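Dear colleague,

I am passing on the structure we spoke about, and I would be grateful if you could look through it alongside the notes below.

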Amino acid sequence: MSEMYNRAAPQDNVDNSQHADHGTSYARVRPEGVDTTHGAILYLENITVSFDGFKAINNLNLDISVGELRCIIGPNGAGKTTMMDVITGKTRPTAGTAFFGQSIDLTKMTEYEIAHAGIGRKFQRPTVFEQHSVFENLEMAMKMDKRVKTTLFARLNSEQIGKIEECLKLIRLNGQENRAAGLLSHGQKQWLEIGMLLMQEPQLLLLDEPVAGMSDAETVRTAELLNELRGKHSIMVVEHDMGFVEEIAQGGKVTVLHEGSVLAEGTMQQVQSDDRVIEVYLGR
């Protein structure tokens, strides 16, 4: 692991920094090993990604505060997925900087290093171990984070069992722990994958269209889940379901991407009434 982690200044347990735009006070558990002195956990500055001359991302600037739940919306081809690829190390930017906290330069790290540093990503299609039980999926996610194969054969202690049971309640799968993951509904598989990410204790969670393909009831429960996670984790949600976005935005900031850059940013009500957003995305 890079020396940057060893150089990180010791942090207090609580971060009382102010959100730069709204003046909202975040009294959160400060991300371990991540310097969030200025109140932000992610900085993207002048990010550009070019593919054969086409700019998928064009001079993108964005920052996420500690404990914030940020919604990212925009038409297909706006650059939302490419932005997530840059944050997680899958794609290297042509220009610009991407920092996790004040000092961790994401553009110089591998996907594995970024995940280990505390950024978790959930893709649109759920990926779970279908032949294993719900409990075993969460257990493996927790143990894989230790990077020691022998732990796969170790017995869980009471603290670890308690952690899994707490996660089961959070993701609405308590009572389903012995069920094979392959027998779950689409929405339940999505919740299980979110739970698997949570077992790895990410500081920043990236969710790509988490309610795509869900029933109305599952969508409502997913909104409840994310609202419960608000403040405990910093979360970026890319989503097309505007009803769902309204449920989780709750006066927070929504960012609208278009042609690889930020078109508008503000509360859900502000972006919904923005003529530029209406023209390129929401329609009249």
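This is a predicted model: local features need pLDDT of at least 70, side-chain atom pairs count only at pLDDT 80 or more; totals for chains, interfaces and linings use all residues.

Residues are numbered from 1 along each chain as its sequence is written, and side-chain values use heavy atoms, with hydrogens and water left out.

Helices (DSSP runs of H or I, at least four residues) and strands (runs of E, at least two) are numbered from the N terminus. Helix α5, residues 158-170, has 13 residues and should span 18 Å at 1.5 Å a residue, which agrees with the 18 Å between its end C-alpha atoms; the expected span is 1.5 Å times one less than the number of residues. Within α5, Gln160, Ile164, Cys167, Leu168 and Leu170 are buried, where buried means under 20% relative accessible area, exposed over 50% and partly exposed in between, with a 1.4 Å probe and protein chains only. These residues lie on the same side of α5 because they cover an arc of only 165° around the axis, the arc being that of the directions from the helix axis to the C-beta atoms. Ser158, Glu159, Glu166 and Lys169, on the other side of α5, are exposed. After α5 comes Arg172, with a positive phi near 65°.

Turning to the open sheet, four strands are arranged in the order β4-β3-β6-β7 with antiparallel pairing, two strands being paired if DSSP finds at least two bridges between them. Its edge strands, each pairing on one side only, are β4 (54-65) and β7 (104-105). Strand β3 (residues 40-51) is joined to β4 by eight bridges, and Tyr43 has Asp63 in β4 as its bridge partner.

The buried strand is β11 (residues 254-258), which is largely enclosed by the rest of the structure because four of its five residues are buried. Strand β5 (residues 69-73) runs parallel to β11 and is joined to it by three bridges, with Ile72 standing opposite Thr255 in β11. Strand β12 (residues 261-266) runs antiparallel to β11, with five bridges between them, and Val262 in β12 is the bridge partner of Leu257. The hairpin of β11 and β12 has two residues between the strands, and Glu259 takes a positive phi near 55° there.

With best wishes
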